[in-house]
Amino acid sequence: MADEWVVGKVADAISVAFTAATSHIEALQPSGFRLLEVSVRLLRGLPDVAAPGCFLLSLYAAQIGAALRPATAEGAPPVVAVAAHALALAYARAALDPHAASHAELGGSLSVLSLIHSLRCLRRG
């Protein structure tokens, strides 16, 4: 019962962070990315109590990837790009951790690594 409560609160925190990171209010975006980054670091390696053998972080891979996409768009503010880069790096590290990596998370990390590459190319051009 307590585990379900915690999972519900984590879902709420991820939802708030995603909303801020993808907000049309530019000032909220870096804070949203930082909250997502902190969440990734805290969830790293934690098992999903509802799905034995899976990790809690894998539940939020789609939201993390979707939040990163606007930060790679041309004209994204540098402060947003930097915050998104930190999130992508934290997610890639969490997904590649040998104690927390499942096949699905490794696949998700490859798309995140692709986004990191896009960020780097954008900043060069």
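One salt bridge is present in the structure, which is a predicted model. The pair is Arg41 and Glu37, with 2.6 Å between the closest N and O atoms. The chain around this pair is built from five helices and has zero strands.

**The salt bridge**
- Side chains of opposite charge can pair when their charged atoms come close.
- Arg41 and Glu37 both lie in helix 2 and are four residues apart, so about one helical turn separates them.
- An α-helix has 3.6 residues a turn, so residues three or four places apart point the same way.
- Glu37 has a relative accessibility of 13%, which is under the 20% limit, and therefore counts as buried.
- Arg41 has a relative accessibility of 48% and therefore counts as partly exposed.

**Ser39 and Leu35 in helix 2**
- Helix 2 spans residues 29–43 and includes Ser39.
- Ser39 counts as buried because its relative accessibility is 9%.
- From Ser39, the side chain reaches the backbone oxygen of Leu35 at a distance of 2.8 Å.
- Leu35 also belongs to helix 2, and at 35% relative accessibility Leu35 counts as partly exposed.
- Leaving aside residues up to four places away in sequence, Leu35 touches Ala13 and Ala17.
- Between Leu35 and Val16 there are 8.7 Å from C-alpha to C-alpha, and the two are 19 residues apart in sequence.

**The two sides of helix 3**
- Helix 3 covers residues 61–71, and its buried residues are Ile64, Gly65, Ala67, Leu68 and Ala71.
- Viewed down the helix axis, the buried residues of helix 3 fall within an arc of 160°, so they line one face of the helix.
- Ala62 and Arg69 are exposed on the other side of helix 3.

**The chain as a whole**
- Read from the N terminus, the order of elements is α-α-α-α-α.
- The chain has 125 residues, and 38% of them are buried.
- Among contacts in the chain with a separation of 6 or more, 61% are between residues 24 or more positions apart.
- The chain exposes about 7,000 Å², and 65% of this area is supplied by carbon and sulfur atoms.

Methods: Residues numbered from 1 in each chain as written. Predicted model: local features only at pLDDT ≥ 70, side-chain atom pairs only at ≥ 80, totals over all residues. Heavy atoms only, no water. Buried < 20%, exposed > 50% of the residue type's maximum accessible area, 1.4 Å probe, protein only. Arc of directions from axis to C-beta. Polar contact = N/O pair within 3.5 Å; in protein donor to acceptor, adjacent residues only side chain to side chain. Contact = heavy atoms within 4.5 Å. Areas by Shrake-Rupley, 256 points an atom, 1.4 Å probe, with all protein chains shown as cover. Salt bridge = Lys/Arg side-chain N within 4 Å of Asp/Glu carboxyl O.
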